[in-house]
Amino acid sequence: MNLIDVIIQGIIQGVTEFLPISSSGHLSVYQHFFGTDDETSLLLIVMLHIGTLCSVLVAFRKEVWGMIKELFRLLGDIFRFRNILENTNESRRMIFMVFIATLPLAAAYFLNDFVKGIATDDDIIIEGVCFLITGLLLFIAFFWDRGRRDISLMKPLDAFLVGIAQLVAIVPGISRSGSTTAVAALRGLKKDTLISFSFILSIPAILAASASEILAVSKSDLTVDLFILALGFVVSAVFGSLTIWLIRWLIKKDRYVFFSYYLFLVGSITLTVGVFEHI
């Protein structure tokens with residue numbers, strides 16, 4: 001794996017992790033055509049995800065810091081046997097909603113081999129279909145602005161359904177940010193609320209996925225180039241930060257739905273190429 005290849009994958013990860021177009025799907029398609037789907041690339045993908053995780057922590061540092069402080073207050077209330085649901089502020093409510101939305105990810109453990117098989121096989125038909133599914137979901141959710149509720153009015157069922165969307169998004173081609181924001185929009189959440197919730201929700205998801213991959217790779221005798229990993233981390237972090245800024249601008253300008261058109265195009269091309277490869 002050369003430096004150009006690492007930089008390209010870092011850019012793909014940084015840009016597509018937060019744009020609602022599926023980073024795993026794009027990386028899977030890229031690796032399909034350029035033959036980088038090996039153990040080294042799996043470890044690199046972990047570093048790319050950690051890079052984008054850092055960009056989320058920086059971009060939403062105010063919200064994350066507020067949640068960390070509130071978490072300690074929450075633990076204090078638990079030890080003092082106080083009612084933890086009484087007079088909840090936005091940070092505490094966000095903690096509850098993120099916890100509920102993260103619960104469905106427990107099922108990802110049982111789907112890990114299936115998903116890894118899709119990502120590393122010599123077939124891109126499933127990725128093409130999933131691109132189209134994500135595009136349709138985005139089109140339905142964001143063609144009209146129906147969001148009126150903020151985090152204070154968010155319900156546990158809203159969080160759980162967003163969590164189900166995040167679980168489904170472990171399949172390459174189903175965008176995590178696309179599916180979670182789309183479901184949140186369909187549930188009537190305001191734009192700034194659904195964006196913040198989706199991005200903050202990505203923190204435990206990325207941590208869990210990265211830990212799982214690191215444990216898997218650590219059991220092998222794989223030797224890696226630390227400079228390659230560091231380069232991938234930096235590139236994905238930088239482009240991830242730029243993309244978060246772009247997302248916030250696009251959602252305010254009601255242009256989020258345009259990504260559905262892109263996915264319809266990419267999905268159609270990917271699916272067509274995948275079918276022809278079987279002929």
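A pocket here is an open set of points on a 1 Å grid over the protein atoms alone, where a 1.4 Å probe fits, with protein on both sides within 12 Å along at least five of seven lines; lining residues have an atom within 4 Å of a point. Before you click, note that this is a predicted model, with local features needing pLDDT of at least 70, side-chain atom pairs counting only at pLDDT 80 or more, and totals for chains, interfaces and linings using all residues. Residues are numbered from 1 along each chain as its sequence is written, and side-chain values use heavy atoms, without hydrogens and water.

Start with Met67, Leu71, Ile95, Val98 and Pro204: of the 13 residues lining the second largest pocket, these are the closest to its centre. The volume of this pocket is about 320 Å³, meaning the space filled by probe spheres set on the grid points, which are joined across faces, edges and corners. Now show α4 (61–79), α5 (90–102) and α10 (191–218), each of which gives the lining at least two residues. (Helices are DSSP runs of H or I, at least four residues, numbered from the N terminus.)

Next, select α7, residues 125–142. Its 18 residues reach 26 Å from first C-alpha to last, close to the 26 Å expected at 1.5 Å a residue (1.5 Å times one less than the number of residues). Colour the buried ones (under 20% relative accessible area, 1.4 Å probe, protein chains only): among them are Glu127, Phe131, Thr134 and Leu138.

Last stop: Cys130 is buried at 7% relative accessibility.

Conventions:
Buried means under 20% relative accessible area, exposed over 50%, partly exposed in between (1.4 Å probe, protein chains only).
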